[in-house]
Amino acid sequence: MTAYPLFDKTIFRILVTELGAEDIAELLDVFLADTSDKLDALGLNYGDRLTTKREAHAIKSSAGTFGFAELSGLARDIERGSEAMSEAELQQAVAELRRSFDTTTNFARANLMNACLEMI
Amino acid sequence: MSPGAPGTDARGRLLVVDDDLLQRTVIGKIGSKLGFQIIAVSSFEEASRLLRSQSFDGMTLDLSLGEHDGVELLRLIADCRLNALPIVIISGCEERILNSTRRVAEGLALTVADCLPKPLNLARLREALCLPHRVTAEAAAAAAPGIDRGRLALGLARNEFFVEFQPKVELLTGKVVGAEALARWRTPEFGVISPAAFIPMVEGFGLMPELTNVILSSAIAQSRTLIEKHPDLAIAVNVSGSLLSDLMLPERVEGMLRSEGVPARHLIVEVTESVAMSDVDRAIDILVRLRIKGVGAAIDDFGTGYSSLAALARFPFNELKIDGSFVKGCDTDPDMMKIVKGCVGLAKAFKMKVVAEGVENLATLASVREAGCDIGQGHLFAPSLAADRFEAWMGRRSEPAQSLSLGGRPVAVTM
């Protein structure tokens with residue numbers, strides 16, 4: 001499995017520059033809630049590979065927007081590889097994605113939210 | 001809400017179509033900072049309802065829309081005749097799909113402000129949304145007036161057909177190396193008739209041998225004076241594939257060259273292979289004999305025919321002309337650039353010169369140069385010109401101040 005860096009600071013900085021710190025804090029909340037829902041949908045639908053692909057595609061894009069490189073990369077692996085994966089492999093990949101999401105959430109709450117709020 | 005957002009919606013209404021909540025929010029925030037009033041929807045159904053009932057000043061469209069896809073929506077926009085609506089197309093799909101989608105949209109005569117891959121480059125999105133409205137090109141299909149076989153034959157008998165020359169420029173040096181002689185038709189009652197209209201009719205009515213004779217003899221006769229002043233010029237004449245069954249053609253061409261005193265190396269026949277070129281062996285026979293006599297042979301409109309690759313392998317061509325439809329898009333469309341480069345590779349393998357047709361701006365010129373094309377032809381250099389204007393244009397180019405300028409174009413020219 002490819003190892004991805006957790007976070008790409010440059011992308012996040014651009015986002016802050018474009019949108020402003022206040023909006024980012026709000027967007028991060030939206031992202032975290034939304035992605036959690038998507039992960040639930042992924043976990044419930046191992047039989048439906050089309051849904052898997054779609055949800056993985058969406059997580060890849062939105063995580064990429066914030067610079068969450070690991071989450072985005074793992075989601076892309078699922079989007080591209082899900083059709084060839086056995087159910088066990090897919091379950092493992094989704095578990096890995098969820099672990100990455102938890103790490104990302106903790107990182108974002110500990111570092112980014114505060115940083116954004118301080119900037120306001 | 002967002003700091004700095006103008007209270008007035010100075011830029012008008014922006015329709016954001018995206019099934020992803022976060023993406024929708026991000027695009028909405030950028031749009032609103034720019035002064036748009038944002039209307040964000042997440043489904044094909046909502047978007048189509050709004051597009052039918054309300055007016056918008058811009059739109060962003062994510063190609064993946066759950067059950068439907070963005071291409072269906074593009075078609076709906078065309079059906080609603082919203083051709084002037086600037087659209088930013090966004091997709092997480094691979095680049096080739098995004099490029100093809102742009103072509104679908106342009107094929108529908110829609111206004112594509114930009115095509116953006118994901119993750120979104122926000123600065124580029126902002127620029128695309130700031131772009132002023134572009135005027136969409138109206139596809140003005142020239143309707144042929146009431147012309148039948150009798151009128152065409154009369155035109156040939158009355159010498160209403162004539163030749164104009166479009167320069168061919170060596171890309172490395174900017175030197176004019178030749179010109180394509182193009183058939184033109186001026187009638188007293190209809191004025192100038194577009195070749196796009198009359199060539200298919202001439203072909204259809206079986207008058208191509210007569211027209212080719214007129215064009216060949218006229219081009220050869222006029223090229224003599226041109227060649228006296230510019231001894232390196234080669235004049236190209238289109239010969240329809242359907243004519244390459246006339247075994248007397250090489251002798252007839254040789255006779256015309258001899259009577260005007262023009263050496264054979266100053267003539268190139270440009271052949272568009274088509275289904276009409278039915279007898280391949282006979283066509284090869286004719287082209288080989290022309291080549292032995294010293295006449296050049298170019299494969300024209302390369303890439304658009306039915307069997308271009310087979311023709312390339314079997315016919316004795318020494319020049320390949322890449323069709324303008326590939327050249328025109330190659331500076332912005334990576335897929336077109338790949339085709340242009342592929343053509344160059346093929347041509348070089350056969351030791352042929354490569355001509356890029358339809359070079360209309362500097363960006364295209366830079367791209368075809370980069371691709372390795374030898375010669376360029378197109379409006380950037382000059383449109384087709386009557387022989388005296390062509391000569392004057394050549395004269396101006398050879399003046400020191402003009403010699404390095406590739407765009408030494410004459411101003412008003414009647415086409």
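With which residue does Lys168(B) form a salt bridge? Select Lys168(B) and Glu270(B): these two form the salt bridge, and their closest N and O atoms are 3.9 Å apart. The term denotes a side-chain nitrogen of Lys or Arg within 4 Å of a carboxyl oxygen of Asp or Glu.

The model is predicted, so local features need pLDDT of at least 70 and side-chain atom pairs count only at pLDDT 80 or more, while totals for chains, interfaces and linings use all residues. Residues are numbered from 1 along each chain as its sequence is written, chains are lettered from A and ligands numbered from 1 in the order in which they are written, and side-chain values use heavy atoms, with hydrogens and water left out.

**Chain A**

Select chain A next. Its secondary structure consists of five helices and zero strands, in the order α-α-α-α-α from the N terminus. Helices (H or I, at least four residues) and strands (E, at least two) are DSSP runs, numbered from the N terminus. Of the 120 residues of chain A, 50% are buried; buried means under 20% relative accessible area, exposed over 50%, and partly exposed in between, with a 1.4 Å probe and protein chains only. Colour the surface by element: chain A exposes about 5700 Å², of which carbon and sulfur atoms supply 52%.

Return to Lys168(B) and Glu270(B). Lys168(B) lies in strand 8 (residues 161–170) of chain B and Glu270(B) in strand 12 (residues 267–272), 102 residues apart. Lys168(B) is buried at a relative accessible area of 2%, and Glu270(B) is buried at 0%.

**A pair between helices**

Now select Arg224(B) and Glu260(B), which form a salt bridge with closest N and O atoms 3.9 Å apart. Arg224(B) lies in helix 8 (residues 208–229) of chain B and Glu260(B) in helix 9 (residues 249–260), so the pair ties together parts 36 residues apart in sequence. Arg224(B) is partly exposed, with a relative accessible area of 37%; Glu260(B) is also partly exposed, at 23%.

Move to Lys321(B) and Glu357(B), a salt bridge whose closest N and O atoms are 3.9 Å apart. Lys321(B) is in strand 14 (residues 319–322) of chain B, and Glu357(B) is in the loop between strand 15 (353–356) and helix 14 (362–371). Both Lys321(B) and Glu357(B) are buried. Over all chains, the count comes to 41 salt bridges.

Terms used:
Areas by Shrake-Rupley, 256 points an atom, 1.4 Å probe, with all protein chains shown as cover.
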